[in-house]
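Here is a short briefing for a first look. Take the chain in view, then read the points below.

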Amino acid sequence: MKFEYQNPTHLIFGAGTLARLGEVTGAYGKKAMIVTGGGSVKRNGTFDRAVASLKSAGISFVECDGVEPNPRLSSVKRGGELAKKEGCDVVIALGGGSVMDAAKVMAAAVFYEGDLWDMFPHGQANRRLPAKALPVITVPTLAATGSEMNSGAVITDEKTTIKSFVGGKCLYPKAAIVDPELTVSVPKDQTAYGICDLITHVTEAYFNGVDGTPVQDRFAEGVILTAMEYGPKAVADGNDLEARAQVQWASVVALNGWVQAGCLAPYPVHMIEHTLSAQHDIAHGAGLAIVNPAWMRFAAKNRPARFAQFAHRIFGIELKSADDMDAALEGIDRFEAFLRSIGCPTRLSECGIGDDRLDRYAEDTLLVAGNAEGQLPGRPAMTKADIVEVLRSAL
Ligand SMILES: [Fe+2]
């Protein structure tokens, strides 16, 4: 293993921490742009509490509302222009993964010259990463993406329905205020999709990383087991604050880089799913629940011992040998059954997606994430035909 790790985001975790928003924001600016989504934070009082905290710290604000699920390039441009016009010096993301991702890119847009889409890989010759951004404070209202404490953002160009990603040091939030109380009103389906998303963040590295990462393996298994223990409780009773807190902490840990450190893993399941949610506007976590088990059955043929380890350590399935393929497949079946048990779809047809565009999904996936050989990196690397095969198996 050879790697570097640095996560500069100041994490403030715990019930009631929203009250500290003003104090924390005040360290970075005096005029905030508050980015929100479809309005749930207004309906449940979170927005008013955030504003009260800002006012008590003498911070003024403007609003950039209406960021949609699977956030669009036009929304991000709108937010960047608003922040510039209003002279904002700090950006607050108050919402789920879409809001946080959009807020990061808006903060970078203030300083970015030229077309914002140039920072996202989409088959262009020259990609220009952002070098500077306004300070961002994240306040997640959903446990899922882990965006609150990482440097990534995923945006969809609605004109081409290409969904792509950007990452960069300047996009790390300065602070993340992670208050599990803000998640108690999240409906059952979104709660379940978030659980699937966070688990998939660690399974990607677990199955696609380099060999010889035993500490990271057990970190990943700890996240998965915790999400599988507390996730169903959070789905069954949204007001179970203990379950909400454990799920939310798991979601932060799952993608703040610590679990993946040294694994050097690509994220093929995410890359395939992004194409589905870009074209069909389904929830990211729901798409992952469909793609991940299908991908696992494909990838297990290439690496049975790793999938047997997953089956044994997560589900306690006895192994006849280290590369017991029957046990590996049973583990995947059990994982898929878990996803179904919390209310996730596991077939494309459940989301109204048929087989008429499988080629297009594969082509778009490779356009964004294909390597020089035209394959999707992972273990194993996937050709266009492989991606189509995996999606066909999930119909
Ligand atoms: Fe994700």
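**Loop residues and a helix pair**

Asn70 counts as buried because 23 C-beta neighbours lie inside 10 Å (buried means 20 or more other C-beta atoms within 10 Å, exposed 12 or fewer, partly exposed in between, with C-beta atoms placed from the backbone). This is a predicted model: local features need pLDDT of at least 70, side-chain atom pairs count only at pLDDT 80 or more, and totals for chains, interfaces and linings use all residues. Residues are numbered from 1 along each chain as its sequence is written.

**Backbone in the loops**

- Asn70 is in the loop between strand E3 (60-64) and helix H4 (73-86). Helices (H or I, at least four residues) and strands (E, at least two) are DSSP runs, numbered from the N terminus.
- Phi of Asn70 is positive, near 50 degrees, and Asn70 is not a glycine.
- Thr161 is not a glycine either, yet has a positive phi of about 50 degrees.
- Thr161 sits in the loop between strand E6 (152-157) and strand E7 (162-167).
- Thr161 is partly exposed, because 16 other C-beta atoms lie within 10 Å.
- Arg379 and Pro380 are joined by a cis peptide bond, with omega about 0 degrees.
- Pro380 belongs to the loop between H13 and helix H14 (384-393).

**Helix contact**

- Met271, Ile272, Thr275 and Leu276 in H9 meet Tyr361, Asp364, Thr365, Val368 and Ala369 in H13 (contact means C-beta atoms, placed from the backbone, within 7 Å).
- The residues of this H9 and H13 contact divide into 6 nonpolar, 2 polar and 1 charged (nonpolar: Ala, Val, Leu, Ile, Met, Phe, Trp, Tyr, Cys and Pro; charged: Asp, Glu, Lys and Arg; polar: the others, Gly among them).

Conventions:
Contact = placed C-beta atoms within 7 Å.
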